[in-house]
Structures are given as C-alpha cells and as structure tokens.
Amino acid sequence: MALRTLVSRKTLRTSSLGLRGLQTFSLPDLPYDYGALEPAISGEIMQLHHQKHHQTYVTNFNKAIEQLDGAASKGDASTIVKLQSAIKFNGGGHVNHSIFWKNLAPVREGGGEPPKGSLGWAIDNHFGSLDALVQKINAEGAALQGSGWVWLGVDKELKHLVVETTANQDPLVTKGPNLVPLLGIDVWEHAYYLQYKNVRPDYLKNIWKVINWKYAGEVYEKECP
Amino acid sequence: MAASAAATIVSPFKCGLFPSQGFSGSTRSFHLRKNQKRTVRKAVVTAKIDLKPPPYSLDALEPHMSRETFEYHWGKHHRAYVDNLNKQTVGTELDTKSLEEIILVTYNKGDLLPSFNNAAQAWNHEFFWESMKPGGGGKPTGELLELINRDFGSFEAFVNEFKTAAATQFGSGWAWLVYKANRPDVGNAVNPRPSEEDKNLVVVKSQNAINPLVWDYSPLLTIDVWEHAYYLDFQNRRPDYISTFMEKLVSWDAVSSRLEAAKA
C-alpha cells in the first residue's frame with residue numbers, strides 16, 4: 001500500500017528558503033477516501049481531521065522551522081528556545097498524524113484484521129492475547145485527561161512492546177528515547193466528537209475495526225528482525 | 001472522558017428552566033449573585049456536590065452557542081464531572097469539604113490527586129455558564145472598565161490579549177481574566193506571574209482542569225477551550241468561537257460582581 005508522501009497537490013506552498021535547502025513539510029495524502037473508514041470513523045471527521053487539523057499543524061510547523069532557521073543564523077538563543085514549544089506542538093502534530101493515517105485502513109483493504117507474524121506472536125507473549133492488549137489500550141485511552149494519544153510501541157533496545165500515553169501532541173519518543181510507535185490512537189476530542197460526542201470509550205471500541213495491523217507489523221519487523 | 005454512568009443524581013431542577021437558586025450549601029459560591037435568594041440546606045450529612053443548571057435555558061444562547069452543545073457540554077460532560085467527583089469523595093475526608101477546598105487540597109502542589117480533575121472541572125464549568133448570558137457581549141462599564149483600561153491600556157488591548165491566550169492554549173484548557181493580589185508565594189503552587197504589581201487584572205491560561213484558584217488568584221471570567229466546548233458549533237475554528245464568545249456571550253455583569261467580591 002503505497003503512501004504518497006511527496007508534496008501533495010493540496011499543498012501549493014513552495015519553500016522560499018529552498019536556496020538554503022530548508023526542508024518544508026507537507027500534508028501527506030490519505031491512502032483512502034475520507035468516507036472509506038465508515039462507520040467506524042465518519043467521513044466528516046476524516047476530512048476535518050486531515051484537511052484542517054493536520055494541515056494546520058503542517059502550516060504552523062513550517063512557520064516555526066522558518067523562524068528557527070532565522071534565529072539560528074542570527075545566533076538568537078532566546079528565540080531558539082522560545083520556539084521549542086511551537087515546534088513540539090506542531091511538529092509533534094505532524095509526526096503523530098502522519099503515523100495515524102497509516103494506522104488506519106478500510107475494511108476491504110485489511111482494516112481490522114488481527115496482526116499476524118512476529119508482531120502477533122509478540123502481542124500474545126507480552127499481553128496474553130490481542131484482546132487483552134486492546135482492553136489495555138482502551139482503558140488508558142479512555143482515562144487520559146484532556147488531549148493526547150495512546151500508543152502501542154516497541155522499545156528497540158529491549159525489544160519489547162509497551163503501551164503508553166502522551167499528552168497533547170508529544171510524540172511517543174518523549175516517553176522514552178528508544179520507543180518506536182507501531183500504532184497510535186488520537187484521543188483528542190476532534191478525533192471523535194462529531195460522531196461519538198463525549199463517549200470516547202465507544203470511539204475506542206469501534207476504531208479497532210479499521211486498525212491497519214499490517215503497517216504496525218512492518219514497523220515491528222524492521223525494529224525486531 | 002469516561003461516559004457518565006447511569007446518572008442518578010436527583011436534582012430538583014429540570015433542564016435549566018429557571019435561574020439556579022444557589023441550592024447546594026456545599027458549593028460555596030465565590031461571588032455574590034445579585035437577585036438570587038439562597039437556600040442553604042442545613043445539617044447536610046454528606047457534602048454532595050450538585051450539578052447546577054446554567055442561569056438560562058439550554059437554548060438561550062442560540063445561535064452563538066447551540067442547545068445541542070449545552071445538552072452535551074452541561075448535560076453530559078459537566079454532569080459526569082459532578083457524578084464522578086461525588087463517587088470519589090463519598091466516605092472520604094473530602095466528603096465534608098466545599099468544592100473550592102477539594103480543589104486546593106487535591107491540587108497538591110501540582111502532584112494532582114485523583115479527584116482534582118473532576119473537582120476543578122465541576123467548578124470551572126459552573127463558573128463558565130455564569131460567565132455568559134443571553135444578549136451578552138458589548139463592553140464592561142464602571143470600575144471594571146477603569147481597571148481594564150489601567151491594566152491593559154484599553155478594552156481592545158484586553159480583548160486581544162484574552163483572545164490570544166484562548167487561541168494559544170494548546171490542547172485542552174481555559175483562558176481567564178483574573179484579579180490578582182500580590183501574593184508571590186502561594187504555598188500550594190508556583191505563581192505564574194509573581195512579579196506583577198499589587199491588585200491588578202491579568203489574563204492567564206491553564207491546561208486541562210487547572211484553574212487560577214490554585215494560584216490564589218480571583219477568577220473573574222473564563223472561556224472553555226476544550227474542543228468539546230466548540231466542536232459541534234465551530235469544528236476546528238476555535239478563533240471564531242472565541243470571537244463569538246467575546247462579542248455575543250460574555251456577561252460583564254457577572255464579571256463586575258466577581259470583581260467587587262474579589263476586592264472586598
């Protein structure tokens with residue numbers, strides 16, 4: 001399932017700093033239509049989530065990087081430091097959502113099919129069963145206060161699986177430098193509110209029908225060959 | 001947010017038909033409310049926190065804030081905070097405390113105890129409903145306006161600062177106008193603005209459930225910027241929600257009363 005990550009036709013920006021080789025980030029295309037994950041996640045949510053929320057993170061991330069570049073070349077240390085939160089928020093938002101779109105797939109493209117291969121085995125080994133893992137992720141996702149993410153990750157040094165949460169748009173790596181995300185579920189209210197309203201647990205219950213375990217398995221096999 | 005379990009709090013009030021009558025003796029109001037008789041229930045066995053309806057009907061703020069939003073925001077979110085707080089405090093030493101006391105105790109110098117979120121959110125939402133009114137907006141008057149001009153330069157400058165705080169509170173949280181007496185060491189928390197002069201108005205923002213009570217500030221006005229507060233009406237357009245709040249919803253009467261009480 002090829003994922004186009006080049007500058008998408010939706011992103012008309014050209015980097016004014018191309019001469020200095022400053023990377024501009026762009027909104028990745030979804031590898032499926034907005035409505036393809038229904039009824040688990042509505043097309044309305046997918047479109048807003050991708051075109052508005054993720055796009056805003058990309059736009060503001062690029063702005064922050066530009067400002068960072070300017071401050072760095074001027075040796076303006078305090079501005080460099082001041083920009084860190086904008087970079088974490090917006091860069092984290094871009095990183096996390098880019099993973100999230102790959103974590104989802106329409107049913108007819110394998111969404112919801114349980115993990116096979118070494119990841120499936122590792123899940124059974126570490127959590128007892130896939131169901132036990134799902135219950136754990138859902139419990140932690142439901143209990144998260146405010147905005148954030150719940151993750152299934154792998155510690156690439158210790159080679160074991162972890163379930164973690166992060167606040168706001170903090171990437172998983174903020175919980176441990178060796179943690180690699182396999183699967184993240186966005187529990188910001190924007191991810192589910194129009195459809196599930198306040199009932200986050202129902203969103204968590206239903207999202208498993210469109211979780212793309214194939215992708216998670218590929219990442220796992222790369223880290224734990 | 002966990003879904004509200006079968007909410008069996010028996011409230012004498014139907015969905016916000018009439019202004020609340022300050023029924024709960026345990027929710028010590030932080031401010032004087034004009035034109036409201038208070039019925040304090042005596043000899044309360046448990047200090048159960050009540051879910052008070054907003055001081056207007058659920059559709060009274062249409063089209064700026066929809067009835068549907070209120071049905072979820074008050075009817076589900078706020079109700080769940082109250083229900084869950086009561087479940088957490090029943091039979092514990094928090095049971096006998098007022099809501100403000102519970103907030104301060106469970107803030108625990110930033111190492112939040114389990115009841116903090118529910119307690120603070122229960123308080124925040126009640127304060128938020130009372131910060132709005134049908135036909136709200138416009139400009140403040142009298143002493144409040146004087147202080148705003150003194151401490152922000154102009155009303156417009158205040159509005160800009162408040163809107164910016166609300167728009168830049170990343171993730172879930174609140175933006176506040178507070179009255180701040182100069183008490184740099186507040187004991188329970190790290191004062192975010194310790195160097196400001198005495199007795200002035202300040203705009204602050206806070207994450208998740210945190211509110212300025214923990215900094216020993218006197219809240220005067222708040223806007224909820226959790227996504228659930230605006231998503232049904234504005235989707236991702238938080239700035240539009242904030243502008244609508246300022247132009248059409250703010251109850252400057254409430255803010256003035258709170259200022260009076262804070263200075264007293």
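Begin with the largest nonpolar core, which has 70 residues; select B:M132, B:F158, B:L201, B:I223, B:Y241, B:F245 and B:W252, the residues with the most contacts inside it. A nonpolar core is here a set of buried Ala, Val, Leu, Ile, Met, Phe, Trp, Tyr and Cys residues joined through side-chain atoms within 4.5 Å; buried means under 20% relative accessible area, with a 1.4 Å probe and protein chains only. Helix α3 (residues 116-129) of chain B contributes the largest share of this core, eight residues. Apart from it lies another core, of 60 residues, including A:L30, A:M46, A:W101 and B:F170.

The model is predicted: local features need pLDDT of at least 70, side-chain atom pairs count only at pLDDT 80 or more, and totals for chains, interfaces and linings use all residues. Residues are numbered from 1 along each chain as its sequence is written, chains are lettered from A and ligands numbered from 1 in the order in which they are written, and side-chain values use heavy atoms, with hydrogens and water left out.

Next, select B:W252. Leaving aside residues up to four places away in sequence, B:W252 touches B:G137, B:G138, B:K139, B:P140, B:L144, B:I148, B:F155, B:F158, B:L221 and B:M246, a contact being heavy atoms within 4.5 Å.

Move to helix α7 (residues 238-249) of chain B, whose buried residues are B:R238, B:Y241, B:I242, B:S243, B:T244, B:F245, B:M246 and B:L249. These pack against α3, α5 (155-168), β3, α6 (231-234) and α8 (252-263) of chain B. Helices (H or I, at least four residues) and strands (E, at least two) are DSSP runs, numbered from the N terminus.

Now select strand β3 (residues 218-224) of chain B, where seven of seven residues are buried. Strand β1 (residues 173-180) of chain B runs antiparallel to β3(B), and six bridges join the two; strands pair if DSSP finds at least two bridges between them. Within this pair, B:A175 stands opposite B:I223.

Zoom out to the whole of chain B. Eight helices and three strands make up its elements, in the order α-α-α-α-α-β-β-β-α-α-α along the sequence. Of its 264 residues, 55% count as buried. Among contacts in chain B with a separation of 6 or more, 73% join residues 24 or more positions apart.

Finally, select residues 24-105 of chain A, which an unreviewed UniProt entry annotates as "domain: Manganese/iron superoxide dismutase N-terminal". The span is 71% helix and 0% strand, and its end C-alpha atoms lie 27 Å apart.

How values were computed:
Buried means under 20% relative accessible area, exposed over 50%, partly exposed in between (1.4 Å probe, protein chains only). UniProt positions are given in the numbering used here, feature names are shortened, and annotations may be inferred rather than shown by experiment.
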